[in-house]
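This report concerns a single protein chain. The sequence and structure are shown first, followed by an account of selected features.

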Amino acid sequence: MSTRHSVKFLIIIAAFNFISPVHAQSVKTITYKDGSAFKIEGRIIVDITLKIDAPFSTAVLTIQFYDGIVLYSAQQRGQEEIPDSGTLTQSQMSTLAKLLENINFLEMKNRPQSADDPLDGSTYTITIRVLPPGADPALAFPGQRSVSCYQFNCEDNFLRLKDKIIELWGKDILEIGV
């Protein structure tokens, strides 16, 4: 092996050793004590986020599927941000994962505001981050799928999912309209 190839090889090993502990940590957080993980269409669910953009406020609620932590942040126009957090049980996350699968979330279409819609409605966006099927969580980067709809155009299954997320959160979510 030439000196040039030896140096490249050593740099690759050094980079792997430097990055590897970070990725190894993410492997531990994706699976649960019993080795299971919540999935949709064979993809491991990393998290799901509900964002509500109302005329005078914005609220974001993220559920992390690897530990059940729920992070909430809301802000009324001109006011300080309101943070909060909570935890969901594995049973609650399982319910949410099953609903994602049953309503075929990955195939939903965006439904933006139309010219005929009232101007005082909210826009809801649900984003799910997943790992590719069969991918090694230590090496894979999550992909994401977002679906948005204007309050008066949302399909029933989207509203079921939004309402379930809010129900599992169990606290009020800021949504200030006209």
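Which side chains are joined by a polar contact of 2.7 Å? They are those of Thr125 and Ser148, where a polar contact is a pair of N or O atoms within 3.5 Å, one able to donate a hydrogen and the other to accept it, and residues adjacent in sequence count only if both atoms are side-chain atoms.

The model is predicted: local features need pLDDT of at least 70, side-chain atom pairs count only at pLDDT 80 or more, and totals for chains, interfaces and linings use all residues. Residues are numbered from 1 along each chain as its sequence is written, and side-chain values use heavy atoms, with hydrogens and water left out.

The mean pLDDT (the predictor's confidence in each residue, from 0 to 100) of the chain is 81, and 78% of its residues reach 70 or more. Helices (H or I, at least four residues) and strands (E, at least two) are DSSP runs, numbered from the N terminus.

| Confidence in the chain | Element | Mean pLDDT |
|---|---|---|
| Lowest | helix 1 (residues 3-30) | 36 |
| Highest | helix 3 (residues 156-169) | 97 |

Thr125 lies in strand 6 (residues 123-131). Its relative accessibility is 15%, so Thr125 counts as buried (under 20% relative accessible area, 1.4 Å probe, protein chains only). Beyond neighbours within four places in sequence, its contacts (heavy atoms within 4.5 Å) include Thr49, Val147 and Phe158.

The axes of helix 2 (residues 90-102) and helix 3 come within 10 Å and cross at roughly 175 degrees. Helix 2 and helix 3 are therefore roughly antiparallel (over 145 degrees).

Methods:
Buried < 20%, exposed > 50% of the residue type's maximum accessible area, 1.4 Å probe, protein only. Axes fitted to C-alpha atoms, helices over the stretch in contact; angles between N-to-C directions. Parallel < 35°, antiparallel > 145°, perpendicular 65-115°, else oblique.
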